[in-house]
Amino acid sequence: MPEPEIPSLDKLAPAEAAELVRHRWELGDRPVANMIHLLEAKGVRVAALGHEYTDIDAFCFFRDSIPYVFLNTSRSAERQRFDAAHELGHLVLHGEQDMDPSSSKEREAQANEFAANFLMPSSRVLSQSMRAASIDRILAARSFWKVSAMAMTHRLHELNLLSDWQYRTTCIELSDRGYRSSEPGGISAESSQLLRKVMFGSANKVTISAAARSLDLETDDVAEFVRDLVPTLVGA
């Protein structure tokens, strides 16, 4: 299993931390090809949340110094990528520290800022001639960066490439086109490379029911942990 390579950067601002992580992981300023594969390569164990938890997008924690991220795989692929980057922000900025409930809003804002900078680095976005971008230009950019149209629009506003008025009117038009609740014409959902290797990487296939017996868990629970992350083999 990959050893964890999650830096602890709690003394840095979220944007600086995101830039440093990109530098350490040699990502340059190009789009992240696959967030789940990247996290797994850096030692993060990724699993799925039960779809009944509609009010939870994702969460993360360390256990025995191993980082875990749980994603709600019922969300759009773009939303899952942002959620994964958001949880990476928590791991990098907040680590294993005890979480004070009174600071939760601040922590969430920091993780969002980290995710936006990690997925859409300012240096590259600013070089793409996006000032006062049209809807069509924004949709092309969101496909390039593999983020939602709304996230792309918010990022352009953050970087002062859209005025307040342009930002509001763009959000209204995108919402009218259905981009607030879904991502028309979006990317395919990412999957787990690590779980695929565990379940399908040898002559002895590991089925969901076999894994459940080995782990002394309910089959349905194990199925939820890998739901939409790998093709599932329930089996006997």
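This is a predicted model: local features need pLDDT of at least 70, side-chain atom pairs count only at pLDDT 80 or more; totals for chains, interfaces and linings use all residues.
Local features here need pLDDT of at least 70, side-chain atom pairs count only at pLDDT 80 or more, and totals for chains, interfaces and linings use all residues. Residues are numbered from 1 along each chain as its sequence is written, and side-chain values use heavy atoms, leaving out hydrogens and water.

Helices are DSSP runs of H or I with at least four residues, numbered from the N terminus.

Let us start with H4. Its buried residues (under 20% relative accessible area with a 1.4 Å probe, protein chains only; exposed is over 50%, partly exposed in between) include Arg107, Phe114 and Leu119. The buried residues of H4 pack against H1, H2, H3, H6 and H7, where contact means heavy atoms within 4.5 Å.

One of these partners is H3. The two helices, H3 and H4, pack at an angle of about 115°, with their axes 8 Å apart; axes are lines fitted to C-alpha atoms over the stretch in contact, and angles run from 0 to 180 degrees between N-to-C directions.

Now for H8. Thr170, Cys171 and Leu174 are its buried residues. They lie on the same side of H8 because they cover an arc of only 100° around the axis, taken from the directions from the axis to the C-beta atoms. On the other side of H8, Trp165, Ile172 and Asp176 are exposed. H6 and H7 are among what covers the buried residues of H8. After H8 comes Gly178, with a positive phi near 95°.
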